[in-house]
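Please open the model in a viewer and follow the stops below in order. Each stop gives a selection and then describes what is found there.

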Amino acid sequence: MRVWHLAAAVLSLLASGPALAQGAPAQGTPAQGAKPPLVFTGIPDQDESRLVERFGRVATYLEGKLGVPVRYIPVKNYPAAVTAFTNGQVQLAWFGGFTGVQARRAVPGSRAIAQGAEDAAFKTYFIANAKTGLKPGKEFPKASEGKTFTFGSRASTSGRLMPEFFIRQAFPGKTPEQVYSRVGFSGDHSRTIQLVQSGAFEVGAVDYTVWDLDTKAGKVDASAVSVIWESPPYPDYQWTVRGDVDTIYGAGFTDRLRDALIGVTDPAILEPFGRSRFIAVDNAAYAPLEEVGRSTGLLD
Amino acid sequence: MSALGLRGPLGYRAASGWFAAAAFAALIAADFHVASLDPWADLRRLLAGLARPDFASLALLSVVHTVAFAVLGVGIGAGAGFLTAIPYARSRTLRVLCAMLRSVHELFWALLLMQVFGLSATTGILAIALPYAGICAKVFSEIIEEADLSALRVLPPGTGTVSAFAYARLPEVAASIRHYTLYRFECGLRSTLVLGFVGLPTMGFHLESAFRQGRYGEAAAFLLAFYALIGTRRLWVRGATLPFLIGLSPFVLPTVAGSPDIAAGLLRFLTHTVVPSPLRDGALLDPATWARLWSWFRPILTGQIVPGTIQTLVLAQVALASTALGALVLFPLTARRFTGPLGRPLGRALLVVVRSTPEYMLAYVLLQLLGPSMLPAILALAIHNAGIVGYLMGRHADGLAYRPDAPSGLNLYAYETLPRLYGQFLAYLLYRWEIILREGAILGLIGVATLGFYVDAAISELRIDVAVVLILATMLVTLAVEALSRALRRALRIADLPTRLSRPLATDSGG
């Protein structure tokens, strides 16, 4: 007879499961009025502990400035961040250049509002394992042809889109898979550095701010891996917000949010980002990336 | 147990030979390049970390979440499967639907469900419940079909269907169904780890982070806790504790901030996101739309589905042959005759460790050590599945009745135990084939160019329509292999041998 009990219990759960999950977020901090919490995420581009530290501070800061509860949810990969934005689970996100373009194309009315001062002219470092014998130079390292190569995440700007663009530029008519003997996707920039350092891949493309942060943190073994090329500049990371936040939190909320971000002066917040400050930006600044996305076939 | 004597048109020897030959051919096609120039440094750090588990960093809440997801996912899946099992044998539509549900891996379900339900408890529960409902419906229906009908025959005429089922059939099948459900719960625990890899706060979330960042002490703590959870399953998941587990689980589910608009999201998902992009705004009666659809589909077929399928099959074939070899070596370790009363618990513990290590995690770690090739994926699948088949074979070996003057050691193994169990061995392997294939497909997400590799790419490019086509292709390949496996088992006359892990064996005291 136990089976019937089990079946009955299961059925009642089947009915209540989704309702529970939806009810869950209401458990936030009810003290701050009836406004639902502003939820944000960021692309997980480097070590998670650093992300939790960086976004935890942003949440506290924004909560104080905006007077609404602010929550950060960690995600495991880039498309998960974009999905959380497109299905409305988060209203705000720290995107890379390309993920921002993806998200804004999928959610009409969403806007890029602020970028790091460094993001207006961002760079990719091409790094190589010391055993390859590749030397640093001013020109694209064509000698890397035939080596094994790792990008970062598939949807990364500095670790995929732009390096792929530069590779295609250096080897006209060829895809990265044709240029390199093996092409991998490490998932994030810290992993790219580790994989090239360990020799799992010989060459890699990495976000220069993550390289600098990891170097400062003592995670880079200079005798095993080094920068061989610095790419031309392009626009990258930005804060993107959904168009419907003004209707949820009141008119002018987007402007207040942007002003709050631009007004960050606390080095404790900026330092984990590897940014000196945030500056205002708009969607048009990322038009070149859309073009690159189309030319590399990553966008329709 | 007389299967060995009955030689069908296809013999064990021929079947084994064909499989070995196919695996050998696949071996040549497989990519075994060990790319890591210095794997030892990482391996040393890994071993040092594993030797000193950092239990202080064990997030206990994630253990609770892991159990809650498994209880609810498997509970709902088994419940739905049970209800479906009753009409299952009579409805072709239901059978096809269940086959589709179970041939898509939990990880793919999670990726699709996230599009609508976001990172939420609903996504996690459904990602387990949907495929498990498909599996349970099939297995429960088999259990019902196999049950003894004698009680049914003595019912008075005019007994209602429900009464007949409840009083004459259910008592016959309840034990088997309960046993299977409890076993499935163990699989459910492993599945929750995969949910962690996509972002739900189970133990898998922390395991992935710890491995990714090289915090091996923390990873070891989570792994040991997970082994303990699986190893003690029989103690805390039983008929008596089940109501408590089910009753408490909904209240300890993780709460993730932010709730997507599910109604609008579902509508958009079904009417826009999964619709192939050429069909989204093209007129359906216009032939040009269909031409565009074909030019959209053709590169997916030739550039992704075909190479992805070949790689998936190659991976599965080599992994299957390696599983066979591994299981042959491992199973004596858990059999009483070969290890004695002292060695057997050790052997069992080893196999618990081997089979509870999720293949996805194993492949991920091996990838760090060996570099990107098919090797990490093959090793991971072979280790995990050899652990499972070895464990089952060990139980069968313990169930054999030997003559008092039976030889011992290698002679016993080679001339009696293995020949007597060989049909059973093939039955398990053929059954694992489709499971290995399903898992091989998702290992693409860590970089082997199987079908999952292209699914990952499509999702990264927000081309969910392409991802859905690829997942459907994966489903068809899995179903084809499942059908082939069933046909082979029938040709070998081993179709009636148990392949489910849960069927109570003669020696099974855990009942």
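Begin with H15(B) and H19(B), whose crossing is right-handed; a crossing has this hand if the near helix is turned clockwise from the far one by less than a right angle, and is left-handed if anticlockwise. The model is predicted: local features need pLDDT of at least 70, side-chain atom pairs count only at pLDDT 80 or more, and totals for chains, interfaces and linings use all residues. Residues are numbered from 1 along each chain as its sequence is written, while chains are lettered from A and ligands numbered from 1 in the order in which they are written.

**Stop 1: two helices of chain B**

Select residues 287–330 of chain B for helix H15, and display H19(B) with it; their axes come within 9 Å and cross at roughly 135 degrees. H15(B) is therefore oblique to H19(B). Angles under 35 degrees count as roughly parallel, over 145 as roughly antiparallel, 65 to 115 as roughly perpendicular and the rest as oblique. Axes are lines fitted to C-alpha atoms, for helices over the stretch in contact, and angles run from 0 to 180 degrees between N-to-C directions. Helices (H or I, at least four residues) and strands (E, at least two) are DSSP runs, numbered from the N terminus.

Next, show the side chains at the crossing. Among the residues of H15(B) that meet H19(B) are B:Leu315, B:Ala319 and B:Thr323, and the H19(B) side includes B:Trp433, B:Ile436 and B:Gly440. Contact requires C-beta atoms, placed from the backbone, to lie within 7 Å. By class, this contact of H15(B) with H19(B) has 10 nonpolar, 3 polar and 1 charged residues. Ala, Val, Leu, Ile, Met, Phe, Trp, Tyr, Cys and Pro count as nonpolar, Asp, Glu, Lys and Arg as charged, and the others, Gly among them, as polar.

**Stop 2**

Move to H3 (residues 60–88) and H4 (residues 92–103) of chain B, whose axes come within 9 Å and cross at roughly 140 degrees. H3(B) is thus oblique to H4(B). H3(B) passes H4(B) in a left-handed crossing. Select B:Thr84, B:Pro87 and B:Tyr88 in H3(B), which meet B:Leu94, B:Arg95 and B:Cys98 in H4(B).

**Stop 3: the domains of chain B**

Colour domain 1 (8–37 + 282–503) and domain 2 (58–254) of chain B separately; the bounds come from an automatic or database domain assignment. Their centres, taken over C-alpha atoms, are 21 Å apart. At their contact, 23 residues of domain 1 of chain B touch 24 residues of domain 2 of chain B. Which helix gives the most to the side of domain 1 of chain B that touches domain 2 of chain B? H21(B) does, with 5 residues.

**Stop 4: the sheets of chain A**

Turn to chain A and select the open sheet of 6 strands in the order E2-E1-E3-E10-E4-E11, with mixed pairing. Strands pair if DSSP finds at least two bridges between them. Within this sheet, E1 (residues 38–42) and E3 (residues 92–95) of chain A pair in the parallel sense over 3 bridges, and A:Gly42 stands opposite A:Trp94 in E3(A).

E5 (residues 124–129) and E8 (residues 203–207) of chain A pair in the antiparallel sense over 5 bridges. A:Thr124 has A:Asp207 in E8(A) as its bridge partner.

How values were computed: Two residues are in contact if their C-beta atoms, placed from the backbone, lie within 7 Å.
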